[in-house]
Amino acid sequence: KMTQQMRDLQLAQARKPPGPSSPNAAKRLYRNLSGKFRVNYTSFDEGSLVGRGEKEKLRKSYLFQSNAALFEAVELQDLDRVQEMLKHYSPEELDLNTPNSEGLLPLDIAIMTNNAPIARALLQAGAKESPHFVSLESRSLHLSTLVREAEQRVNELMAQVVNEAPNADCSEKEKQLKAWEWRFRLYKRMKAGFEHARVPDAPSSVHLSVASSSSLQVTFWEPLSVNSAVVTKYKVEWSCSPTFSPLLGEAVIDKLKDLRFTIQGLVSGTAYHIRVSAYNMKGWGPPQASVPPFAIPSNWREYDGRAPRRRGQAEALDHLLGQVKTVHQHCICHEPCKNQPQSRKHSVSKSLKHLFHPGSKFLKTLKRGLYLTAIFYKDDNILVTHEDQIPVVEIDDTYSCLLMQDFLWLTKVSCMWDEILWLRQCVTVSQSSCSCILQTRFKMLLAISQMQGLLGIQDLGQVFFEPVKDKQGNILIVTLKEVKTNQTFESVRWVPICKLQTSRKSVSSPEEPTALDTLLISLQDKLAYHQRSSHALSAGLYLGYLKLCSAVDQIRVLVPEQLPNILCHVKIRSNPNISREEWEWLQKMASVEELVPTEPEADRSQNPLFQELQVAIKELMTLMNIPLQEAKDFRLYSQEVLDFGDQVSFLLLLPPSDDVCTAPGQNNPYTPRSGFLTLPLQIFELGE
């Protein structure tokens, strides 16, 4: 339908004198149209439309108008309007790569008028050049034809205006004459831009790095010259010979959002030479060789043939869990529990509709004891009972001192929310010893089951890294979960967090708040921690700082508040791979006394990792508030690179052996700036 409508539109344009009546009229046209197509179509009254067909027809009509408005904006060189359209509408909605009646695309007009800012904006959005221009001759011929026809039309209209007596028709012809004079000047400017253009210079810089044992990454930058036409694509070539004969392969990059390309399927241990050239409407420019001139696909593991640390670990753990379940086959609840996830397929809305009936066992106030609370939140709203209370259940009313080992055990249990019923029954069977620890953990499992049953949800989320305590002897274990669905829940209240905090009547004094009051006061901080702990790092190689603090019953890890699921770090580079050659250099560096050894200037230029590490270490020392002169006593962990998937890897920076772990009562000689946390090691290990 859209193709047919475009044909109809082009036929209509052919019947009418093409082009706006004047530059000012054109400007008013595309501004008026752009104002119209910014309408939110969902705001129309559905009753005013006969049906979906008319609504879709109306939407397409606005999109066609937006396409015309984009052409007008490019022709009038209105960068702000072009950027606004590209921001609010997709290339498909704008028909970005559909030629107009003259066979031109918006990008053609931008590059032939040498409007580099608009051309770059269009290229970033995915604009292409017209496929009709298969050669320099065809482009030149097409432009000459447009200029000749426009000039002929101007002469015809001028003769008619001069010879006819003043009337309404004459006034209309004068408007047409002005429009064609303006278009004639546009085509002449495009033709002159094409004739004066030259092929682009070579890319200003080409950087080559090893991406893996079978791939290389090429990063390049635009040519420095501003006199040639806008570059619209690049070509990457590779060969085993420095003369590039024979050529092993090439790739054309026409998506210019990121001037980066990864060459896949290479042979490990083989040297490859790379060069890159740029293209504009006049053709391909000279190539630029990469720096370094060649690279060898490899990975640091090839240095000693080491296998990935995590290979097979998930499968081994699943097998171990299966063995444990097999041993407990005599547990009477094992089979029912095994089938339960299939039988309990309550939707969240159905499972929550019975929340907080009068017979529910959620607590309103705390007495002296141990409790579990579940925080479910969506945007700035929190799930509460019909009495505006956060869901709380009791674990043990006689438990006044939570042992850290019990708490850390519960955090590990949070990885198995679906297995709680089975774990509870198995613990029941093995309770004959009546161990105090076992009794407490059994009560924890009972409280979790109760919370899951009342909420109708098995996944209670992530356990906050420390319980909330008060002076009355209450201990509150907090779980946090974000609800990302947009469905509405029956019999459930979503209350704004700020409203809950202001409306709840405190039963404690400001000097000695209860655990619930403390939880409400610090709720935003806990939600922020939960959201940050699920953030992922962007792809790259990082330098991490390992700092531990020991206590009587735990070891804690220093982490940044903004990303508490990872060590304190700075980014070294975007390429996460450490090549075999780089790892060999790191091994040599680890054997010398200073962290960053002094190398001859010639060697530095040949070793980009040397310079990257120097910059990263200085940045990390500043971040951690550690004097730079102390860096000479630090060491890089040279046993392995820590790989987190295929896209993120870490090199570890270690303080002197005496300062890696601060003992109880020992002053930390390097006090970090604000913005850091110390998490229990077990909590950090469970980070998402």
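# Structural briefing: helix packing, aromatic pairs and backbone features

The chain contains 22 helices and 24 strands. The model described here is a predicted one. Of its 688 residues, 44% count as buried. Among the contacts with a sequence separation of 6 or more, 73% are made by residues 24 or more positions apart. The points below cover helices, aromatic rings, selected loop residues and the backbone.

- Helix H19 spans residues 580–590, and its buried residues are Glu-582, Trp-583, Trp-585, Leu-586 and Met-589.
- These residues lie on the same side of H19, because they cover an arc of only 160 degrees around the axis.
- An α-helix has 3.6 residues a turn, so residues three or four places apart point the same way.
- The partners against which the buried residues of H19 pack are strand E19 (568–573), helix H21 (608–623), strand E20 (635–636) and strand E22 (648–654).

**Packing of helices H4 and H7**

- Helix H4 (residues 79–88) packs with helix H7 (residues 116–124) at an angle of about 5 degrees, and the two axes are 10 Å apart.
- The two helices, H4 and H7, are therefore roughly parallel to each other, since angles under 35 degrees count as such.
- On the H4 side the contact is made by Leu-79, Val-82 and Leu-86, and on the H7 side by Pro-117, Ile-118, Ala-121 and Leu-122.
- The residues of this contact comprise seven nonpolar, no polar and no charged.

**Burial of helix H13**

- Helix H13 (residues 404–413) is mostly covered, with seven of its ten residues buried.
- The buried residues of H13 are Met-404, Asp-406, Phe-407, Leu-408, Leu-410, Thr-411 and Val-413.

**Aromatic pairs**

- The whole structure holds ten aromatic pairs.
- In one of these pairs, the ring centres of Phe-220 and Tyr-234 are 4.9 Å apart and the planes stand at 50 degrees, so the pair is tilted.
- Phe-220 belongs to strand E2 (residues 215–221) and Tyr-234 to strand E3 (residues 233–239); the pair links distant parts of the chain, 14 residues apart.
- Both Phe-220 and Tyr-234 are buried.
- Trp-585 and Phe-610 form an edge-to-face pair, at 6.0 Å centre to centre and with 75 degrees between the planes.
- This pair ties together parts that are 25 residues apart in sequence, because Trp-585 lies in helix H19 and Phe-610 in helix H21.
- Trp-585 and Phe-610 are likewise buried.
- Phe-464, Phe-465 and Tyr-529 are linked by ring pairs into a cluster.

- Arg-301 occupies the loop between strand E8 (288–295) and helix H10 (313–327).
- With a relative accessible area of 14%, Arg-301 is buried, because the limit for that class is under 20%.
- Apart from neighbours within four places in sequence, Arg-301 is in contact with Arg-306, Ala-307, Pro-308, Arg-309 and Asp-643.
- Glu-561 is placed in the loop between strand E18 (555–560) and E19.
- Glu-561 has a relative accessible area of 31% and is partly exposed.
- Residues up to four places away in sequence not counted, Glu-561 touches Arg-532, Gly-675, Phe-676 and Leu-677.
- Glu-561 and Leu-677 are 116 residues apart along the chain, yet their C-alpha atoms are separated by 5.8 Å.

**Backbone features**

- Most residues other than glycine have a negative phi, and most peptide bonds are trans.
- The peptide bond from Ser-245 to Pro-246 is cis, with omega near 5 degrees; Pro-246 is in the loop between E3 and strand E4 (249–253).
- Val-291 and Pro-292 are joined by a cis peptide bond with omega about 0 degrees, and Pro-292 is part of strand E8.
- Phe-244 is not a glycine, but has a positive phi of about 60 degrees.
- Phe-244 is in the loop between E3 and E4, where it is buried with a relative accessible area of 12%.
- Asn-625, also a residue other than glycine, has a positive phi near 60 degrees.
- The loop between H21 and E20 contains Asn-625, which is partly exposed at a relative accessible area of 36%.

How values were computed:
Residues numbered from 1 in each chain as written. Predicted model: local features only at pLDDT ≥ 70, side-chain atom pairs only at ≥ 80, totals over all residues. Heavy atoms only, no water. Buried < 20%, exposed > 50% of the residue type's maximum accessible area, 1.4 Å probe, protein only. Helix = DSSP H or I, 4+ residues; strand = E, 2+ residues; numbered from the N terminus. Arc of directions from axis to C-beta. Contact = heavy atoms within 4.5 Å. Axes fitted to C-alpha atoms, helices over the stretch in contact; angles between N-to-C directions. Parallel < 35°, antiparallel > 145°, perpendicular 65-115°, else oblique. Nonpolar A, V, L, I, M, F, W, Y, C, P; charged D, E, K, R; others polar. Phe/Tyr/Trp six-rings, centres within 6.5 Å; stacked < 30°, edge-to-face > 60°.
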